[in-house]
Amino acid sequence: MRLSVSATEYRDQIRNGTVTVEEFVSKTLEKIKKVDEQIHAFITVNDDAINQARNLDKKLKAKEKVGACLGMPISIKDNICTKGIKTTCASKLLQDFVAPYDATVISRLKAEDAIIIGKTNLDEFAMGLTTEFSCYGPTKNPWNIDYVPGGSSGGSAAAVSACESIVSLGSDTGGSVRNPASFCSVFGLKPTYGLVSRYGLVSYANSIEQIGPMARTVEDIAFLMNIIAGQDPNDNTTIDSGAVDYVDDLDVGISGKKIGVVSEMMGEGEQKEVTESTRNAISKLEELGADCEEISISEVLHSVAAYYTLTAAEASSNLARYDNIRYGYDFGVEGFEFNAYISRSRKNFGDEVIRRMLLGTYVLSSGYFGKYYMKAQQVRSLIKTQVERAFQKVDLLISPTVPSMPFKLGEKINDELALFRLDVNTVTANLANIPAISVPFEVKNGLPIGIQLFAGHLQEKLLFQAAHALSKLTKLPESPI
Amino acid sequence: MTKIGLEIHCQLTKLKSKLFCSCKADYRGFEPNINICPICVGLPGSLPLLNKKAVEKAAMIAMRLGCKVPPKIGFFRKNYFYPDLPKNFQITQYNVHGPTSIGSEGQILIEDKMIRISRIQIEEDPGRLIYEGDPSKSLTTFVDYNRSGTPLVEIVTEPDFTTPKQVRTFVNILSDLLDNLGVSDTSLEGALRVDANVSIDKGEKVEIKNIGSFRNLEKAIHFELIRQESLAERGMPIPSETRQWDEGRKITISARTKEEEQDYRYFPESDVPHVLIKDQLLEKLKENMPESIISKRERYVEKYGIPNQVAEVLSTDKFYSDLFEKAHNENNAKEIANLITTDLMGLADTKEKRDQLKLKPQHLSDLADAILNNKITRISAKTAIHEIAKTGKPLSEITSELDLGRVDDESSLLNIIDEVFAEEKQAVEDAKQNIETVNYLVGKVMKKTKGKANPSVTLEIIKKKLK
């Protein structure tokens, strides 16, 4: 039995009876036991998974109705609430937090009989792009454990890459799904803002982030989107996208499609291998009949600054609730004034979180609001306009997902700005509310490189078709672990 | 010049659920922390879901106060730490970056003085802190989140008041208006809370918070003006600050200076998308809005011939004007208005008494008809109302039980009048000299009949006998 099956293959095997849910789940748990000591993709493994698998087998045997996931083991980033399983956000402040409810994406997956195999590691509150800023320690890249897996959904990417789960859900605020997908050689989608409910996603930058699927095939991404996408009465920001089947017509190809190569995301300041790889992808797409042309989105140059201003502002407010009254208990001294009491627990936030909360508090302060926050909002709306204009000319945009190859653990942890700059190609999709996917494209010197495709607002189907076409041309090895 | 402006928080107590979740909005008399959910206690991952009914109620208030209602409203976060605020920010509205609150630039006439309303905004109430005994000595602070998320509107006036009395009058009129509009029961404790901004010529603006009642509001402003004037007389500065009303000592005490004032770091709440306020919605709301107090009063005077003063009293009180509307059939409207304002209002002047009132509209209608048809006297009617209020029995039953039927047959009256003439010889002589004093004798007859005697027949007989 192979663990490296796609969701589709898994479902076929379960239906055929070649393998039982229990067999697959227990094999997956064995794999986690075997490799996770090195990789550390998981914060919590679900003890009840095997019981759930047995129950599903019984149902299958009795020919009872079973949901489309047929017990498929799925891992979930640990900032998405799961009833009865801890949701820590990799923070000391939420070490013991068990949500009394399921996020909408979780209840939809459960309704289709997916099995949550565990909760994956992340940068604390999803702030970071290496998964090194976790209070539980870093996740390592399954391709080479000396290297970072990317982040902040590094645990999810590693878990999918190392076959510790078939698919995973991450969250993407500025690239947090696509960046680790690129570093770990899996597919990762940031959907259109409002397409997937955020109910149950612990907010970091709520006007920008989305939950997104991670998988080993485009088809699996599309399959997951069929389950998790759609308007949700529990999230007023979700939009009615109509009834779209993302799996249908995946194979139509991209002949005749116009693809814009974003000039500001190519070449300059970029690792040579990454640029080469992207050029290679572009010529492959042209071979498939796509029409590629350079296109400029000049505001990309300001996107990272705007992104960090806005996300820090929102974070400073979203994380204010972790104040030692209901989270992060630190009762140290007796007799206190409440401001001192609140601040006592807040030193338990990690450095990166503290940095962003201070930054966010600063940019929202009276006197600085106009200078920073408002200006960043203006950049955001300019980016939206420029992106809309670009999509009047082309159907898709292409760029490297990350301007760099995976790097070693600790290599950039003290160089904030170098880390921030790694977001330059991904944040545009978040600021412009459009979908983008990272497609694993090459492995050089044993390390993966991903290519990013963007599509217009709610054009996920077109995006998947293009990603599918591109991925059919690649023959990538499985991760060595 | 004295300038006083108000910030009024009014709970929309007529709404069943909270502003951003479906929890019960009523927190009064409940065990702590039972009407709560992940949203109103701000659990990680929860998202606010706007109660559209609250927007409608607030829009009605805005329209009634003559405010502009923008085509699109938005929400902001007001960031500050306080243990009763579960998210450590409050979702509210804010107009600094263009009008996005439900109302702005309104006005309301108070005794010939126009008071401008600068804005009306929708926001959520925080939870409540509960102390053991004296708050300053309590070692433990408890938090009750039942109130957290209760829908509020904040009404902010321009500093158009010049005396504490005007403020009192305004707040009375405003609370009647809100009651009448069916958005709030302002008699509930904490449903209407007022902060005042007070300044005189030579000083900065001082905000007074924590004023419990309307009576104390007037007192607090009065105290604050005297305090500020006495500082000014002595040439001392009046700094901008926030002061608390100390209920026990009847003074204001400094809470914090403006330098220590919080920076609330307002920014847009994107979890609550903008709400479009369509003209059709406003039209619909206008159509269904309860009639205004002013229009009621005019109608009472013009249509039913109710005296102006009676109409004024009746129209401002929603409880009694509702009762009036249900009871009258136009013909008996004036009589019912009289019954309510002279006999009933004194009987049931508090919320508790109103709740216990057994009297139904039908009672008033029957009673007014009985008076108009000379079946009962006004004096007996008063007795009947007392009894009905307590028992709720039908008028016919009460009339016979208490023997309230009017006495107007001449022979029975004659006997009683003979008795009175025998007992009141001096008064009879006086009346013979001066007919103006005859009312004394009529009164004696009324007393003997416990108010049941027909006054006009009685007078006629007496006059006849005096001749």
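B:Asn79 stands opposite B:Phe89 in strand E4(B), strands being DSSP runs of E with at least two residues and helices runs of H or I with at least four, both numbered from the N terminus. The model is predicted, so that local features need pLDDT of at least 70 and side-chain atom pairs count only at pLDDT 80 or more, while totals for chains, interfaces and linings use all residues. Residues are numbered from 1 along each chain as its sequence is written, and side-chain values use heavy atoms, with hydrogens and water left out.

Four bridges join strand E3 (residues 76–79) of chain B to E4(B), and the two run antiparallel; strands pair if DSSP finds at least two bridges between them. In chain B an open, antiparallel sheet of three strands has the order E4-E3-E14. Strand E4 (89–92) and strand E14 (267–268) of chain B each have a single partner strand and stand at the edges, so one side of each is left without a neighbour in the sheet. Helix H9(A) packs on this sheet and touches E3, E4 and E14 of chain B, where contact means heavy atoms within 4.5 Å.

Note on methods: Chains lettered and ligands numbered in written order. Axes fitted to C-alpha atoms, helices over the stretch in contact; angles between N-to-C directions.
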